[in-house]
Amino acid sequence: MGEARPGNLGQTYSIRKAELRDFFKLHRLEKLCFQADAWPWIDVLAALTFPETIRLVAEQGEDLIGFVIGDRRRQRSTGWIASIAVHPDFRRQGIGRDLLGQCERAISMPRLRLSLRPSNQGALTLYRAAGYYEVDRWRRYYRDGEDAIVMEKRDL
C-alpha cells in the first residue's frame, strides 16, 4: 500500500488508508459515481471514523480517483464491500481491481459479499474476474426500482 502503481495509460497512482481529511473529496466522488444512490454525508463520515471499517483511497497527485469501503461482520464470519468507486475518467486501468484486492486482504474474512446493480456491467465483469458469484437478488433495492445482485466470494 502507498507505492506508485502504473495505470493502463502510463500514469501512476497510489493507494493508501483513507483519513478524515479525505471526507470532502470522497463524498464528491461518491456523488459523481452513484448519483441518486450516493451515500448521504453522514454515512461517508461514519465510514471514515468507525474503527473496524476498512477504507482505502486511490490518488493521483492531489486527486482522489477511487475508493473502497469495507467492513467485517465477525459474528457471521463475513466481510462486506460496502462501496467501491473509480472516477469515470480513470476506469479500466486496474484501479478498481487493486482497491478491491487490497480491501479483501485487509478484511481477512473467509467469506466476502457485495451488492451491485445488474446494469453495472463494468462492475459485474470485475467481480466475476475476482472470483465472486451471484448468491441472491434483492428486488427493487435501488431508488429507481432496479434490483441488486448480491455476490459472494469464499475462502480467500
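Predicted model: local features only at pLDDT ≥ 70, side-chain atom pairs only at ≥ 80, totals over all residues.

At what angle do helix α1 and helix α2 pack, and how far apart are their axes? Select residues 23-34 for α1 and residues 41-49 for α2: the two pack at an angle of about 130°, with their axes 10 Å apart. Residues are numbered from 1 along each chain as its sequence is written, and side-chain values use heavy atoms, with hydrogens and water left out.

Next, show the side chains of Phe23, Leu26 and His27 in α1, which meet Trp41, Val44, Leu45 and Leu48 in α2 (contact means heavy atoms within 4.5 Å). The residues of this contact divide into 6 nonpolar, 1 polar and no charged.

Then turn to the largest pocket, whose volume is about 1,300 Å³; a pocket here is an open set of points on a 1 Å grid where a 1.4 Å probe fits, with protein on both sides within 12 Å along at least five of seven lines, and lining residues have an atom within 4 Å of a point. Select Phe34, Ile84, Asn120, Ala123 and Tyr127, which are the closest to its centre of the 41 lining residues. Finally, colour β5 (78-86), the element that gives the largest share of the lining, 7 residues.

Note on methods
Axes fitted to C-alpha atoms, helices over the stretch in contact; angles between N-to-C directions. Helix = DSSP H or I, 4+ residues; strand = E, 2+ residues; numbered from the N terminus. Nonpolar A, V, L, I, M, F, W, Y, C, P; charged D, E, K, R; others polar. Points joined across faces, edges and corners; volume = space filled by probe spheres on them.
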